Amino acid sequence: PPHTRRARGLPPLAVYSGMTYREIDIALDNAIYGDYKFLYVSPERLRSDLFKARVARMNVTQLVVDEAHCISQWGYDFRPDYLEIAGIRQIIGTSVPVVALTATATPEVARDIQEKLQFRHENLLQGSFERPNLSYVFRQTDNKMGQLLRVCQGVEGSGIVYVSRRKGAEDIAAFLRAQGVEAEGYHAGMDRTGRNRIQDAWKKGDVRVIVSTNAFGMGIDKPDVRFVCHYDMPDTLEGYFQEAGRAGRGGEGADAALRRYP
């Protein structure tokens, strides 16, 4: 994250939604002429003519793709612009090293990522999925709402509840609010302004629990997330680890709970 790089004396820049054209123009000029080491941009930004013209003038020494599983696993429907990242290599030079990072990837997804990013040779470094500070809990219950409420009321700190449907996100958030839990729903069907407002409130601690589809969480590095609860089962085991791993980023203990009916 930009704030971490700044604290280590490595000046970063970021281009993000909500910036004016003038602010973006200045940031990209600074990336060309200023003493900056990192430029953070979304994959969607790479398509703009303004960015393509400016990046051609930057001294890019490395292209880093975070959440790289989106190139293969989710890219076709959720983040299609991830599929276009390789096109930037034709502008900055195919000799510039590329690093693709993701917390989880099956062997098939890992190969697909390397193919889509036009790696010259297969090159995979893989560590363990184990997060020793996380407690994984699976509960079988006929009262999912009650169990969820117990988790939210019994565990201090921020939390994320994952659901499979957009309406479920809104309904469960409303239920938690009625029980005195500061919760908001979040899903891809909401307008960007609303999503940004909710995400910012959660980051600041004004909202304690986010109830969301898998639209929420990528790129989030909030250190005080103490629980991640899957109200509905994820589609894949890799998806579960990806989402559960958003708890305990600060190194302290956290719970990852999964619930189902008997």
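Visitor: What makes Cys-229 in strand 9 the bridge partner of Val-161?

Guide: In this predicted model, where local features need pLDDT of at least 70, side-chain atom pairs count only at pLDDT 80 or more, and totals for chains, interfaces and linings use all residues, Cys-229 of strand 9 is the bridge partner of Val-161. Two strands pair if DSSP finds at least two bridges between them, and strand 6 and strand 9 (residues 225-230) have 5 bridges, in the parallel sense. Residues are numbered from 1 along each chain as its sequence is written, and side-chain values use heavy atoms, with hydrogens and water left out.

Visitor: How do you know that strand 6 and strand 8 pair?

Guide: Strand 6 and strand 8 (residues 209-212) are joined in the parallel sense over 4 bridges, and at least two are required, so they count as paired. In strand 8, Ile-210 is the bridge partner of Ile-160.

Visitor: Why is strand 6 called mostly covered?

Guide: Buried means under 20% relative accessible area, exposed over 50%, and partly exposed in between (1.4 Å probe, protein chains only); in strand 6 (residues 158-162), 5 of its 5 residues are buried. Ser-158, Ile-160 and Tyr-162 point one way, Gly-159 and Val-161 the other way. In a regular strand the side chains alternate between the two faces of the sheet.

Visitor: What makes a set of residues a nonpolar core?

Guide: The set consists of buried Ala, Val, Leu, Ile, Met, Phe, Trp, Tyr and Cys residues joined through side-chain atoms within 4.5 Å. The largest has 28 residues, with Leu-28 and Val-65 among those with the most contacts inside it.
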